[in-house]
Amino acid sequence: MSIEVKNITKLYGSQKALNNISFKVNKPEIVGFLGPNGAGKSTMMKILTTYIDASEGEAKVNGFSVSTDKQNVQQSVGYLPEHNPLYLDQYVREYLNFNASIYNVDSKRIAEVIVLTGLAPEAHKKIGQLSKGYRQRVGLANALLHNPDVLILDEPTTGLDPNQLVDIRNLIKSIGKEKTVFLSTHIMQEVEAMCDRVIIINKGEIVANKTLQELRNDKEQVVIVEFDYRVETVFLEKLPHVKGVKNIHDFIYEITFVTSEDMRSHVFDFAHDNELKILQLNQKNASLESLFHELTAETKTIQE
Ligand code: ADP
Ligand code: MG
C-alpha cells in the first residue's frame with residue numbers, strides 16, 4: 001500500500017479542516033482527490049508530505065509514518081505544492097541542480113527528468129520566461145528528481161490553457177503507469193481524463209471513493225430535451241429506466257436514466273406519440289458529474 005490514511009483529523013484553531021478521514025492508495029494508481037475549494041484537499045496533502053502534522057489519526061506513505069518517520073516519508077514522496085512556488089529569476093537547470101544537490105541526486109538523473117518532463121527545449125531559460133505549462137513541468141521535474149515512488153500533486157492543472165492541459169495530463173498519465181499519483185483538483189473532468197479512481201471530499205469528510213470503472217458501470221445517463229409545449233413530468237417518468245425527471249426551464253426537461261442503452265430514441269418516440277415537437281435533444285453520461293453535484297450540493301463555489 002502506497003498511501004494509508006487512518007482516522008485523520010486536522011484542526012486549525014477551532015475549525016475542523018479534516019474530520020476523521022480514512023482511505024488507501026495502491027501502486028501503481030492515479031487517484032483524483034476531488035472537492036470544492038476549502039474542502040480540505042491541500043491540508044491532507046500537506047499532512048502526507050509532512051509539512052504539517054495531523055491533530056489526530058495516523059498516515060503512512062510507503063509504509064513510513066508521517067509523524068514518526070518524516071525523513072523516510074520525504075524520500076518516498078515527490079510533491080508539487082499548490083501554486084507551484086518557483087524562483088522566477090533562476091534558470092531551469094540551475095533550479096534543478098540546486099534541488100538535486102539537496103537530495104544527493106546525480107547529474108544523470110537531472111538529465112533524465114528534463115527529458116521525461118519534456119523540458120529539454122526550455123531548460124536553458126529563466127523560469128520567469130516560461131509559460132505556465134512549462135513552469136508546471138519544472139515543478140513536476142523537481143518532484144521527480146529523487147525518483148520517489150509516490151507523487152502528490154496539488155491542483156497540477158489549475159490555470160493551464162487547453163493545450164497545456166492536454167500535455168500535462170498526458171505527462172501525469174505516463175508517470176502514473178509506474179508510480180502512485182495522488183492529485184487534487186476541483187474540476188471533475190480532470191478526474192475522468194486522468195484517474196483510475198476518485199476520492200471526493202467535502203467539508204473535511206470523504207463522501208465517495210470509487211473507481212472510474214465503477215462509475216461507468218453505474219450507467220447513469222442524462223437526457224436534456226426541449227419540447228414545444230409543456231408536459232407533466234409524471235408522463236415522462238413512465239419512460240423505461242427513468243430515475244428522475246426535472247423541469248429545468250420553460251419546456252426543457254432533464255431526464256435521468258439508469259441504463260447503458262441510448263435513451264434518445266425513446267424520448268423521440270414519446271414526443272411523436274404525444275404530438276410534441278422536439279426543439280433540442282442532448283444526452284450525456286453523467287455519473288461522475290451528478291455524483292459530484294449530489295455529494296457537494298450545498299457548496300456553490302465550484303469553478304471550471
Ligand atoms: P482545499 O485545498 O480543498 O481548497 P484547504 O485544505 O486549503 O482546502 O482548506 C481547508 C479549510 O481549512 C478551509 O476552510 C481553509 O480556510 C482552512 N485552512 C487552511 N489552511 C489554514 C491555516 N493555515 N489556518 C487556518 N485555516 C486554514
Ligand atoms: Mg487547495
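The model is predicted. Its domain assignment gives domain 1, covering residues 3-215, and domain 2, covering residues 220-285. The C-alpha centres of domain 1 and domain 2 lie 42 Å apart. Aromatic pairs in the model come to a count of seven.

**The pair of Phe227 and Phe270**

- Phenylalanine 227 and phenylalanine 270 form a tilted aromatic pair, with 6.1 Å from centre to centre and 45 degrees between the planes.
- This pair links distant parts of the chain, 43 residues apart: phenylalanine 227 belongs to strand E11 (residues 220-227) and phenylalanine 270 to helix H10 (residues 264-273).
- Phenylalanine 227 is buried, at 0% relative accessibility, and phenylalanine 270 is buried as well, with a relative accessible area of 10%.

**The pair of Tyr229 and Phe251**

- The ring centres of tyrosine 229 and phenylalanine 251 are 6.2 Å apart and the planes stand at 35 degrees, so this pair is tilted.
- Tyrosine 229 lies in the loop between E11 and helix H9 (233-236), while phenylalanine 251 lies in the loop between strand E12 (242-249) and strand E13 (252-258), so the pair ties together parts that are 22 residues apart in sequence.
- Tyrosine 229 counts as exposed, at 56% relative accessibility, whereas phenylalanine 251 is partly exposed, with a relative accessible area of 30%.

**Other ring contacts**

- Phe23, Phe33 and Phe182 are linked into a cluster by ring pairs.
- Arginine 137 places its charged end over the ring of tyrosine 134, at 4.8 Å from the ring centre.

Definitions and conventions
Residues numbered from 1 in each chain as written. Chains lettered and ligands numbered in written order. Predicted model: local features only at pLDDT ≥ 70, side-chain atom pairs only at ≥ 80, totals over all residues. Heavy atoms only, no water. Domains from an automatic or database assignment. Phe/Tyr/Trp six-rings, centres within 6.5 Å; stacked < 30°, edge-to-face > 60°. Helix = DSSP H or I, 4+ residues; strand = E, 2+ residues; numbered from the N terminus. Buried < 20%, exposed > 50% of the residue type's maximum accessible area, 1.4 Å probe, protein only. Lys NZ or Arg CZ within 6 Å of the ring centre and 35° of its normal.
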